[in-house]
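Student: I would like to learn how to read a structure like this one, feature by feature. Could we look at it together?

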Amino acid sequence: MYALRSLFPAILLGGIVLGQGAPAAAEPNLSIAVDDGRASVRAGERHEYTVTVRNAGTESAKLLVEVGVPVGVELTPRSHGAETDGTRVRWPVEVAPGGTTRVRLAGRAPALPDGQRRLALTACALPVRSGPAAASATDMNAVTTRPAVRPADPAWSLAGGAGAVLLVAGGGAWAWRRRRAT
């Protein structure tokens, strides 16, 4: 009985060590975001998107960052190394462990068909070899057709201000003369 008690900790420790097996394989832990910094755009207006890929994992990740081109949108890659076929834009990237990679592209919002009010742009981080997307994100904007509000012409603002000053001064002079006459 005594021998068994003294062997129990050794057996338990050996079982724990043997039960752990090989250490877990290191792998990337990816997230992606796409944003143009706006909630809405006007039809025909040009704006720029930034796609950010983060790797919180312990292994480097070789990826293809892919952005699908919505119908009617003209997308122009702003980051070097992009390939485009008219329906998508792709960049080969490598994201170091704990690192971040950004790619940029510019777009012009189309006039949308009746009933459609939002423009969605989706970016995906795809493995270089075939397989499902490791991460994806969408930026959505309301598209308006209202013309931009133009600021007033400075010359008209100056003329309006001068007219207001003259009106107040004239009114004050009239009130002063009337008061003096009584």
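Tutor: Let us begin with burial: a residue is called buried under 20% relative accessible area, exposed over 50% and partly exposed in between, using a 1.4 Å probe and protein chains only. This is a predicted model, in which local features need pLDDT of at least 70 and side-chain atom pairs count only at pLDDT 80 or more, while totals for chains, interfaces and linings use all residues. Residues are numbered from 1 along each chain as its sequence is written, and side-chain values use heavy atoms, with hydrogens and water left out.

Student: Is Glu45 buried or exposed, and which residue forms a salt bridge with Glu45?

Tutor: Side chains of opposite charge can pair when their charged atoms come close. A salt bridge is a side-chain nitrogen of Lys or Arg within 4 Å of a carboxyl oxygen of Asp or Glu, and by this rule the count comes to seven. Glu45 counts as buried because its relative accessibility is 19%; its salt-bridge partner is Arg38, with the closest N and O atoms 3.4 Å apart, and Arg38 is partly exposed at 32%.

Student: Which parts does the pair of Arg88 and Glu66 tie together?

Tutor: The closest N and O atoms of Arg88 and Glu66 are 3.8 Å apart in their salt bridge. Arg88 lies in strand S7 and Glu66 in strand S4, so the pair links parts that are 22 residues apart in sequence; strands here are DSSP runs (E, at least two residues), numbered from the N terminus. Arg88 also meets Asp85 in a salt bridge at 3.3 Å, N to O, and salt bridges that share partners join Glu66, Asp85, Arg88 and Arg90 into one network.

Student: How many bridges join S9 to S10?

Tutor: Two strands pair if DSSP finds at least two bridges between them. S9 and S10 run antiparallel and are joined by eight bridges, with Thr122 having Thr138 in S10 as its bridge partner, whereas strand S2 (residues 40-42) pairs with S10 in the parallel sense over three bridges.

Student: Which residues touch the most other members of the largest nonpolar core?

Tutor: In soluble globular proteins, nonpolar side chains tend to be buried together. A nonpolar core is a set of buried Ala, Val, Leu, Ile, Met, Phe, Trp, Tyr and Cys residues joined through side-chain atoms within 4.5 Å. In the largest one, which has 29 residues, Ile32, Val51, Leu63, Val67, Leu75 and Trp91 touch the most other members.

Key. Helices (H or I, at least four residues) and strands (E, at least two) are DSSP runs, numbered from the N terminus.
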